[in-house]
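Me: I would like to go through the labels attached to this model one at a time. For each, please set the value against the cut-off and then conclude.

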Amino acid sequence: MSERVKEITMDIVEATRDVLRKHNVTFPEYRAGFMHLAKTQQAGEIPLLIDVFFNSTVVDIENKTRKGSRAAIQGPYFVEDAPLVDGQLAIRDEDNDQPRMVMRGKVKGTDGQPVAGAVIDVWHSTPEGRYSGIAKHGEIDKKYYRGKITTDANGNYECYSILPVPYQIPNKGPTGQLLEEYMGGHSWRPAHIHYWVHADGLRDVISQAYFEGDQYIENDSCNGGGSEFMVAEAYDGDVRVMEVNFELEPAAAKMQAAE
Ligand code: BEZ
Ligand code: FE
């Protein structure tokens, strides 16, 4: 048995009961909510629903114990075994006319030392707002728009891809119906790139970079809450430059923070 799981579960149950009492929820309403969740499960959207509402809260909690780069939401579309890439994410033939970007920057420790051999998982959407390697997104091969980049001896990385755009999370299913039809909101996210930075002996960080001025940064359907990386418009020729520098604290800091 886990005391922590038991305590948290009982608190979730009690908090939910409080909401039912507060709103004098009727049996038909209770059933309708229950059926909506069942539909969400059938549609394979439980991970999406949970991340839309709660990922950002856990990020806020985690950031209280962090030094160096802050965490941002991961979302449900990370895949473990993305390909190792060398300076270029794979681009689908049909996207060859899309504008290009280059992701570049440096990984350092909080002691200021560059980190060689750090591995940065990056992933971003297709121009239609879908992710590769996700069955529900139409079986796009996971070699596209995701990969593991490594830093060189000076801690620098560089990788080319196409420019992501603002996208709607899947909005034809029960999660979209909840956000749009029942709650009067929308399902847009600002254009972004996801990062997960790992390096031996250092605390890993999951983050996102946004494009400064994007209208959905402050009005993100997934409560992304922005990020420290709001990158101003800059170009190298006609390639948009996304310069993002990470700072990782020692892994031991994570252990101490959790104690
Ligand atoms: C995403 O950015 O990939 C994402 C985040 C939260 C919910 C859904 C998608
Ligand atoms: Fe995303």
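This is a predicted model: local features need pLDDT of at least 70, side-chain atom pairs count only at pLDDT 80 or more; totals for chains, interfaces and linings use all residues.

Me: How do you know that the length of helix α2 agrees with its number of residues?

Reply: Helix α2 covers residues 27–42, which is 16 residues. The expected span takes 1.5 Å times one less than the number of residues. That gives 22 Å, and the end C-alpha atoms of α2 are 22 Å apart, so the two agree.

Me: What makes the pair of H36 and T40 a polar contact?

Reply: The cut-off is a pair of N or O atoms within 3.5 Å. A polar atom of the T40 side chain lies 2.7 Å from the backbone oxygen of H36, so the distance meets the cut-off.

Me: What makes K142 and D81 a salt bridge?

Reply: A side-chain nitrogen of Lys or Arg has to lie within 4 Å of a carboxyl oxygen of Asp or Glu. For K142 and D81 the closest N and O atoms are 3.0 Å apart, so the pair qualifies. K142 lies in the loop between β2 (119–123) and β3 (146–150), and D81 in the loop between α3 (46–63) and β1 (100–109), so this pair ties together parts that are 61 residues apart in sequence. The structure holds twelve salt bridges.

Me: What are the salt-bridge partners of R92, and how close are they?

Reply: One of them is D95, with the closest N and O atoms 2.9 Å from each other. Another is E128, where the corresponding distance is 3.0 Å. E128 lies in the loop between β2 and β3 and R92 in the loop between α3 and β1, so this pair ties together parts that are 36 residues apart in sequence. Shared partners join R92, E94, D95 and E128 into one network of salt bridges.

Me: How do you know whether R92, D95 and E128 are buried or partly exposed?

Reply: The limit for buried is under 20%. R92 has a relative accessible area of 8%, so R92 is buried. D95, at 2%, is therefore buried too. E128 has 47%, so E128 is partly exposed.

Me: Which residues count as being around ligand 1?

Reply: A heavy atom of the residue has to lie within 4 Å of the ligand. The residues around ligand 1 are L48, I73, G75, P76, Y77, Y131, Y167, I169, R189, H192, H194 and C222.

Me: Which side chains have a polar atom by an oxygen atom of ligand 1, and at what distance?

Reply: Polar side-chain atoms lie 2.6 Å from a ligand oxygen for R189, 2.9 Å for Y167 and 3.1 Å for H194. The protein covers 100% of the 270 Å² of accessible area that ligand 1 has on its own.

Me: Which residues form the nonpolar patch on the surface?

Reply: They are L20, V25, F27, Y30, F34 and M35, with about 560 Å² of accessible area together. Four residues, the largest share of the patch, come from α2. M35 is in that helix. Patch residues need over 30% relative accessible area; M35 has 47%, so M35 is partly exposed.

Me: Where does S69 lie, and what does its side chain reach?

Reply: S69 lies in the loop between α3 and β1. The S69 side chain reaches the backbone nitrogen of E247 at 2.8 Å. S69 has a relative accessible area of 2%, so S69 is buried.

Notes
Residues are numbered from 1 along each chain as its sequence is written. Chains are lettered from A and ligands numbered from 1 in the order in which they are written. Side-chain values use heavy atoms; hydrogens and water are left out. Helices (H or I, at least four residues) and strands (E, at least two) are DSSP runs, numbered from the N terminus. Buried means under 20% relative accessible area, exposed over 50%, partly exposed in between (1.4 Å probe, protein chains only). A polar contact is a pair of N or O atoms within 3.5 Å; within protein, one must be able to donate a hydrogen and the other to accept it, and residues adjacent in sequence count only if both atoms are side-chain atoms. Accessible areas come from the Shrake-Rupley method with a 1.4 Å probe; for residues, only the protein chains shown count as cover. Patches are made of residues with over 30% relative accessible area and no salt bridge: like charges are joined within 9 Å, nonpolar side chains (Val, Leu, Ile, Met, Phe, Trp, Tyr) within 5 Å.
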